[in-house]
Amino acid sequence: LSRDLPAQGVAVISISSNDADTHPADAPAMMTIEARAQGWRFPYLYDQTQTIAQAYRAACTPDAYLFDAAHRLIYRGQLDDSRPGSTLAVTGTDVRAAVTAMLAKQPVNPVQKPSIGCNIKWRPGHAPDYFPSLI
């Protein structure tokens, strides 16, 4: 996705909101190493205060969001049907379908499967109220 979408005029960014104090592998320095090793060509930002994750009501990683040219959220969900530990390749099929519809000025499929991955690692006292079981 990060290689294909910019060529189509679609910006890609990633934001990590995990607590780096309790999960040092998610600290910005480690993210930089991971981004270089993977050859990611998009900005990889760090949400230290977790306010971005809360504002977007993010649940897990990855949680994909697609906004149209008017900055309206038109897709939120999984990248594809792959899951951690599964044998399915990560293809980004669901996000690609949403982008294709958006660029063709067609409606995005309203059936959007939620992401399934690792929960965001919330800082103590920062778990949002939309996850009462984490508070």
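A quick word on the model: it is predicted, so local features need pLDDT of at least 70 and side-chain atom pairs count only at pLDDT 80 or more, while totals for chains, interfaces and linings use all residues. Residues are numbered from 1 along each chain as its sequence is written, and side-chain values use heavy atoms, with hydrogens and water left out.

Back to Ser-2. Is Ser-2 buried or exposed? Ser-2 is buried, with a relative accessible area of 11%; buried means under 20%, exposed over 50%, and partly exposed in between, using a 1.4 Å probe and protein chains only. Ser-2 sits in the segment before strand E1, which covers 14–16.

Now the whole chain. We have three helices and six strands; these are DSSP runs numbered from the N terminus, with at least four residues of H or I for a helix and at least two of E for a strand. Along the sequence, the pattern reads β-α-β-α-β-β-β-α-β. The radius of gyration is 15 Å, close to the 14 Å that the globule rule gives for 135 residues, so the chain is as compact as a globular protein of that length. That radius is taken over C-alpha atoms, and the rule is 2.2 Å times the number of residues to the power 0.38. The C-alpha trace spans about 45 × 35 × 35 Å along its principal axes. Of the 135 residues, 30% are buried. If you take contacts between residues at least 6 apart in sequence, 59% of them join residues at least 24 apart.

Next, please find strand E4, residues 64–67. Which residues form its covered face? Those are Ala-64 and Leu-66, while Tyr-65 and Phe-67 make up the uncovered one. In a regular strand, side chains alternate between the two faces of the sheet.

Notes:
Contact = heavy atoms within 4.5 Å.
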